[in-house]
Amino acid sequence: MRKVSMFRQLLDPANAVTAAGLVLSAIGINFTVASMPEIGVAIVLWALLADHLDGVVAQRTRGRVVEAGQVGKNLDSLADLVSAGVFPAVTSIIIGHGSTISVAAGATLIVASALRLSYFNVFGSPGGRFIGVPTTYAVPVTAIMFLFRPDIPEAIFPNLFAFVLVVLAVLHIVPLRVPKTTGVMYLVVTAFCVWASIILATRT
């Protein structure tokens with residue numbers, strides 16, 4: 001395999017979109033750490049959209065270098081780990097004020113997400129279906145939790161969110177066969193991300 005500059009990998013359109021998603025995730029984490037988790041969630045929803053868009057861009061990029069695609073596959077997994085693993089974990093720890101439950105839930109989700117993504121990189125999606133619930137599902141689930149936050153007693157919400165993250169962690173690694181997001185579902189996910197991000201960003 002010929003050697004190619006690491007920086008040049010970001011000149012690949014699909015990889016650039018993935019990197020943009022990583023930047024959005026970092027910004028979302030920053031807002032959460034600054035005690036503005038709703039804004040953080042709103043921003044990371046756009047990181048999820050970037051995750052969906054990079055695959056489309058990759059398919060439509062003519063003459064794409066093979067190495068760029070291989071790097072992109074791993075970059076995409078790392079981006080998913082940050083947006084759907086690290087971000088929800090950090091959010092749980094922040095709103096839980098570093099409680100044992102919030103830290104344990106966050107750590108469990110990160111490990112399960114890393115394992116799920118590593119497994120996918122090796123075994124792929126046999127039969128056109130994912131094995132285990134995709135890690136990216138954690139982002140809309142987190143958004144839904146925060147959309148309902150005003151209706152949930154504040155004393156209960158941190159532990160409830162931690163519990164939901166543990167359930168997600170389990171679903172990531174159990175041998176469920178989950179259909180891929182295709183066709184109209186892309187439009188549904190996009191519409192939800194845009195709508196939810198607006199609601200959450202304007203709520204604070």
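Helices (H or I, at least four residues) and strands (E, at least two) are DSSP runs, numbered from the N terminus. This is a predicted model: local features need pLDDT of at least 70, side-chain atom pairs count only at pLDDT 80 or more, and totals for chains, interfaces and linings use all residues. Residues are numbered from 1 along each chain as its sequence is written, and side-chain values use heavy atoms, without hydrogens and water.

**Stop 1: the whole chain.** Colour by secondary structure. The protein chain has 7 helices and 2 strands. From the N terminus, the order is α-α-α-α-β-α-α-β-α. The radius of gyration (over C-alpha atoms) is 17 Å, close to the 17 Å that the globule rule (2.2 Å times the number of residues to the power 0.38) gives for 204 residues, so the chain is as compact as a globular protein of that length.

**Stop 2: burial.** Of the 204 residues, 41% count as buried, meaning under 20% relative accessible area with a 1.4 Å probe, protein chains only.

**Stop 3: the largest pocket.** A pocket is an open set of points on a 1 Å grid over the protein atoms alone, where a 1.4 Å probe fits, with protein on both sides within 12 Å along at least five of seven lines; lining residues have an atom within 4 Å of a point. The volume, the space filled by probe spheres set on the points, is about 1,100 Å³. Select Asp51, His52, Asp76, Phe130 and Tyr186: of the 36 lining residues, these are the closest to the centre.

Stop 4: Show helix 2 (37–60). Helix 2 gives the largest share of the lining, 8 residues.

Technical notes:
Buried means under 20% relative accessible area, exposed over 50%, partly exposed in between (1.4 Å probe, protein chains only).
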